[in-house]
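Hi everyone, thanks for coming.

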Amino acid sequence: MVIVGGGPVGLAASVALSSVGVTNTVVEKSTEVYNLPRAIVMDAEIRHGLARCGLESQLDDVLEPMLAADFVDVDGNRLTGIDLHDVQLLGCPAVSKHFQPRLDAMLRQAARNKGAQLVLGREVVEHRVDSTGVEIALDDATTLHGDVLLACDGASSRTRKAAGVQLEDLGFDQDWLVVDIELKDRKAVGLPDLTRQVCDPNRPTTLVSGFRNYYRFEFQLQPGEQPQVMTSTTRVWELLAPWVASSQATLVRTAAYRFHAVVAERFRDGRVLLAGDAAHQMPPFMGQGLNSGMRDAFNVSWKLAYVGNGWCSADLLDSYSAERLPHVRDVVEQSVDTGRLIDQFAGRVSHGVSREAGYGGTRRARGYDDGVVVPGNEAVGKPYSQWHRVDYAEPLAFVALSEAPLTLEGRLGNVPVRSIRADRFLTLNHDVVVVRPDGYVAACCEFAELPGVMATLRERLCVVQ
Ligand SMILES: Cc1cc2nc3c(=O)[nH]c(=O)nc-3n(C[C@H](O)[C@H](O)[C@H](O)COP(=O)(O)OP(=O)(O)OC[C@H]3O[C@@H](n4cnc5c(N)ncnc54)[C@H](O)[C@@H]3O)c2cc1C
């Protein structure tokens, strides 16, 4: 199994694959991890997923809880928002903040520790697919072979282009200036410890409290503003002046960016699978770019193990696209609406976006309704909310939770199915909850429905008879 791209998604995929026994090689053209921050937040699902791969203590060193998120008007009056103090999901803070170079370095070391081969400083220049596998040509004229190529090679993915996979453009491009600073004395400056969208009619602005002394500002560029002028040190400090003086912080990074909202038309092209920015890019307002990429990695890794172990046919990999594509498309749309809401609250446009799209609103990401799930219940196709309470030793097993003992071994062919006795709280008030290896609810049913549910899962898993 070859992963092209050792950014955070490629590295998370490597860790997840090694955790389920899939030998993998990561090819990354840079010898060092990218030293500037991009993503800032990690949600509870991803943190929990990485912790399940054995990285819990390392995560504690690179993450801190994000305490709140809101939208305010130009005078600082709160328009909508959410308080995240002490909000836990899956046993983790609902949202954590990080300094991405530290996170990436931790992931690179973890991938290595778990046995992946890291080929650093080498660029993939070509790949050829045939019925036996994928041949991957590197820029030093050597080749690698794999049964599958997982393309985590970022927004301008060579692999995606070579596979002829088009991007669907959801039509939201905006130019913003991103400024990361490191505060000398955070307490003295008194910047708010949260994520904040300042809905300023003249210039929508984002504040993001970062890990330790880091802090991010994002300024929406206005028509006619030239990136090279706006990124000059003088102009940047003028923009920062209402919040922080140049004597109180150092500039870490200044960049003018055009945010896109795009999703690949398919995430699987035979033996080539796309993940992370190679498959989707979104505006940053929900902080879901990297989270969505890591969600791809967790979704695909157990399926690759099932196929590699000979338990399921390669058709199972179609469920990767069937599950992840509509899910991430919805997240991209939500990120776009969050961006539109900033302009709307600022009185610059009237898009008619519901305030429920804002932080703390009721709009939720959709679940998986196609793929390895048996729809029919609200909990199905979403992360199992009590997964952290389940004693879990086998990373590749389906788990059936029930008050009564169940005998389900063999119902999914060679796929391991473990039955765990649990009270009605853990079974979500149903007779049985079936949870997949990635912690998603596959089915929720009553005893009488169980034979039919297992038969459907067997079919959807493409179990080899
Ligand atoms: C300003 C900004 C703010 C953001 N904020 C957030 C946030 O708060 N939360 C969030 O979740 N996301 C956020 N994101 C998005 C997030 O940074 C990206 O989604 C994430 O970095 C994508 O990771 P990736 O591994 O898919 O791609 P990348 O990080 O781009 O990694 C791709 C890797 O592939 C390598 N590569 C490419 N081509 C080849 C090749 N041919 N051969 C070998 N190696 C190759 C590259 O060197 C690179 O290391 C933000 C992005 C930006 C720009």
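I'll go through the ligand site and then a pocket.

Before that, some housekeeping: this is a predicted model, where local features need pLDDT of at least 70, side-chain atom pairs count only at pLDDT 80 or more, and totals for chains, interfaces and linings use all residues. Residues are numbered from 1 along each chain as its sequence is written, and side-chain values use heavy atoms, with hydrogens and water left out.

So, which residues come nearest to the ligand? Of the 30 around it, those are E28, R38, I40, D277 and L290; "around" means having a heavy atom within 4 Å. Backbone N or O atoms take part too: the one from L290 sits 2.6 Å from a ligand oxygen, and the one from V9 lies 3.0 Å from a ligand oxygen. By class, this shell has 12 nonpolar residues (Ala, Val, Leu, Ile, Met, Phe, Trp, Tyr, Cys and Pro), eight charged (Asp, Glu, Lys and Arg) and 10 polar, meaning the others, Gly among them.

Where does the ligand lie? Domain 1 (2–64 + 92–170 + 261–357) and domain 2 (174–259) both contribute to the shell, so the ligand lies between them. Those bounds come from an automatic or database domain assignment.

Now, the second largest pocket. Among its 24 lining residues, G49, R52, F298, P437 and D438 are closest to the centre. The lining includes 14 nonpolar, six polar and four charged residues. Here domain 1 and domain 3 (387–460) both supply lining residues, so this pocket lies between those two. As for what counts as a pocket: on a 1 Å grid over the protein atoms alone, it is an open set of points where a 1.4 Å probe fits, with protein on both sides within 12 Å along at least five of seven lines, and lining residues have an atom within 4 Å of a point.

Notes. Polar contact = N/O pair within 3.5 Å; in protein donor to acceptor, adjacent residues only side chain to side chain.
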